[in-house]
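Dear colleague,

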Amino acid sequence: MTMISLGGAIGTGLFLASGGAIHSAGPGGALLAYGIIGIMVYFLVTSLGEMATYMPVSGAFSTYADRFVDPAFGFAIGWNYWYNWAITIAAELSAATLIMKFWLPNSSSYVWSGLFLVLMVGLNMLSVKGYGESEYWFATIKIVTVIVFIIVGILMIFGILGGEAVGFTNFTIGDAPFHGGFLAALGVFMAAGFSFQGTELVGIAAGESEDPRKSIPRAVRSIFWRILLFYLLAIFIIAMLIPYTNENLASDAVQMSPFTILFEKAGLAFAASVMNAIILTSVLSAGNSGMYASTRMLWVLAKEKKAPKFLTKLNKRGIPIYALLITAAFGLLAFLASFFGDGVVYLWLLNASGMTGFIAWLGIAVSHYRFRKAYVAQGKSLDDLPYKARWYPFGPLFAFALCLVVIVGQSLSAISSDGVDWQLLIASYIGLPIFLAFWLGYKFTKKTKIVKLEDCRFDYEE
């Protein structure tokens, strides 16, 4: 469970988008944004852990929002999360195409997008055990890679490898460490949120894990320290070794991963190619996890009669085959790269997915707040919870408030003295009206109401 959660989170957000974050907000701004989002994600994972250990169900977010908030809210959260990961699959495919261009700059985006999409679908057609095993090894490759990167980076910082010691010179170059001030750092929050998406997969996989009451708490307890190690330390090393003024980090010209740039900076050209290959496997792994999560969410929505009934069909291996194929169809958005350019499509999808991720997290925070309230209101003892989230109610309230700030504040990066960047504005906010349309449309159609605390249901199917 821990490896699946980490494997889903470590992908293009860390290996590609982190460079754009440093370029936009400087080393200090990037670390501040990733640090604050990291703390928020810790609270969200502990909130989810408390609910998932007590009620381990597949496609948990939709069910929890349905039971503890409002059926219409659960409907909207479920479809939002499916859309979130379906778009992320396309973003990962676009990123994979960018990485392939490192070796074959003149190759067709069509070929790579199609090949990798078929590979993801094939892996998800295996049994759940097969998916878990493949994702475990994918995650292992990524984790080992980040650890090696950190070790090599530290050696380079002190001049033991790759030439002279750089010290903190890149932290003070230009107007660093906080390039662009607070507003620039706020603009990076969305990229940071995209980077951490996937940590909540522990909740999606709960219903299909062998012993969720043991595996989920173990995964939750370790996730915060791994976030600190894999994200903050990696970004710190990138910022130490590559100045934020390096145009290769620019978010509108994502040509190479900052990880690859660093190895080339060390004079290890062969290692850079190997690193690029590892990044490619990690990108495909994150997309693979996204396809698993969104497929299960669509299946649960169909079971709860919130999606067409045919999507409940399972094949002989227990895979919701039609839900998988519908989800995979959204991966075809990656083929837009052939018309608009690889980097343009990747960044558009990154922004579109980032907003929906924050909406999903907001839903987790609200659901957990109401879960605990209902649990106590119905006379249940907190001592009977298999896992209890610390810092309640501060944790879910802090996460809720920060998600709102980020959702609203993203418009600032698209509005400047030069005018409004309508393309960025639409990409960043397109998930919000879709979410509201699903929520309010279902609410008015089905006449749903907020569930009273004493009426919240805690039963579930084993």
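I begin with helix H11, which spans residues 258-265 and is mostly covered, with 6 of its 8 residues buried. The buried residues in H11 are Pro258, Phe259, Thr260, Ile261, Leu262 and Phe263. Just after H11, Gly267 adopts a positive phi of about 80°. Please bear in mind throughout that this is a predicted model.

Helix packing

Two packed helices are described by the distance between their axes and the angle those axes make. Two such pairs are described here.

The first topic is the packing of H11 against helix H10, which covers residues 212-241. The axes of H10 and H11 come within 11 Å and cross at roughly 45°. The two helices, H10 and H11, are therefore oblique to each other, and their crossing is left-handed. On the H10 side, the residues in contact are Ala234, Ile237, Ile238 and Leu241; they meet Pro258, Phe259, Leu262 and Lys265 of H11. Among these H11 residues, Pro258, Phe259 and Leu262 are also on the list of buried positions.

The other pair consists of helix H4 (residues 71-103) and helix H13 (residues 321-330), whose axes come within 7 Å and cross at roughly 55°. That angle makes H4 oblique to H13. The crossing of H4 and H13 is right-handed. From H4, Trp82, Ala86, Ile89 and Ala90 meet Ile326, Thr327 and Phe330 of H13.

Cysteines

How many disulfides does a search of the whole structure find? The search returns 0. A disulfide is a covalent bond between the sulfur atoms of two cysteines. As to individual cysteines, Cys403 is buried, with a relative accessible area of 0%. Cys456 has a relative accessibility of 4% and therefore also counts as buried, since the cut-off for that term is under 20% relative accessible area.

The chain as a whole

The protein chain contains 18 helices and 2 strands. Of its 462 residues, 59% are buried. The protein chain exposes about 18100 Å², and carbon and sulfur atoms supply 67% of that area. Considering contacts between residues at least 6 apart in sequence, 82% join residues that are at least 24 apart.

With kind regards

How values were computed. Residues are numbered from 1 along each chain as its sequence is written. This is a predicted model: local features need pLDDT of at least 70, side-chain atom pairs count only at pLDDT 80 or more; totals for chains, interfaces and linings use all residues. Side-chain values use heavy atoms; hydrogens and water are left out. A disulfide is a pair of cysteine sulfur atoms within 2.5 Å. Buried means under 20% relative accessible area, exposed over 50%, partly exposed in between (1.4 Å probe, protein chains only). Helices (H or I, at least four residues) and strands (E, at least two) are DSSP runs, numbered from the N terminus. Contact means heavy atoms within 4.5 Å. Accessible areas come from the Shrake-Rupley method with a 1.4 Å probe; for residues, only the protein chains shown count as cover. Axes are lines fitted to C-alpha atoms, for helices over the stretch in contact, and angles run from 0 to 180 degrees between N-to-C directions. Angles under 35 degrees count as roughly parallel, over 145 as roughly antiparallel, 65 to 115 as roughly perpendicular and the rest as oblique. A crossing is left-handed if the near helix is turned anticlockwise from the far one by less than a right angle, and right-handed if clockwise.
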